[in-house]
Amino acid sequence: MGKWTYTILNIAFFTPIILLIFKRYWGAVKKEKRFIVLAGIFGFIIFFIIDPIATQWGAWGFDYSKTLEIRFGLSVIEELVWALLVSMI
């Protein structure tokens, strides 16, 4: 898969979950869309602060050859998108 590995894995894991949520809970999603977006933004901001520090510290790391190589310090954009989606879900 090469540099698209992390992106493809995010799509493969999150697409079914997101589709299920929209199908099963559309009324709640529609009613609470502002809360869902704010939760995603809040999670993104917290993770944007923590992830580069944890990566620098060595708590986790990345195989940069399997990412799109858009970096924020030692973190990658796919990780930050992951944090946004997890927070919204």
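Axes here are lines fitted to C-alpha atoms, for helices over the stretch in contact, and angles run from 0 to 180 degrees between N-to-C directions. The model is predicted, so local features need pLDDT of at least 70 and side-chain atom pairs pLDDT 80 or more, while totals for chains, interfaces and linings use all residues. Residues are numbered from 1 along each chain as its sequence is written, and side-chain values use heavy atoms, without hydrogens and water.

The chain has three helices and two strands, in the order α-α-β-β-α along the sequence. Helices (H or I, at least four residues) and strands (E, at least two) are DSSP runs, numbered from the N terminus. Along the principal axes, the C-alpha atoms fill a box of roughly 40 × 30 × 20 Å.

Helices α1 and α3 pack with their axes 10 Å apart, at an angle of about 10°. They are therefore roughly parallel (angles under 35 degrees). The table lists the residues in contact (heavy atoms within 4.5 Å).

| Helix | Residues in the contact |
|---|---|
| α1 | Tyr 6, Thr 7, Asn 10, Phe 14, Ile 18 |
| α3 | Glu 78, Glu 79, Trp 82, Leu 85, Val 86 |

By class, this contact of α1 with α3 has six nonpolar, two polar and two charged residues. Ala, Val, Leu, Ile, Met, Phe, Trp, Tyr, Cys and Pro count as nonpolar, Asp, Glu, Lys and Arg as charged, and the others, Gly among them, as polar.

A nonpolar surface patch covers about 1000 Å², and Trp 60 and Met 88 are among its residues. Patch residues have over 30% relative accessible area and no salt bridge, with nonpolar side chains (Val, Leu, Ile, Met, Phe, Trp, Tyr) joined within 5 Å. Accessible areas come from the Shrake-Rupley method with a 1.4 Å probe; a salt bridge is a side-chain nitrogen of Lys or Arg within 4 Å of a carboxyl oxygen of Asp or Glu. Helix α2 (residues 33–57) gives the most to the patch, with nine residues.

Key. Parallel < 35°, antiparallel > 145°, perpendicular 65-115°, else oblique. Patch = residues over 30% accessible without salt bridge, like charges linked within 9 Å, V, L, I, M, F, W, Y side chains within 5 Å.
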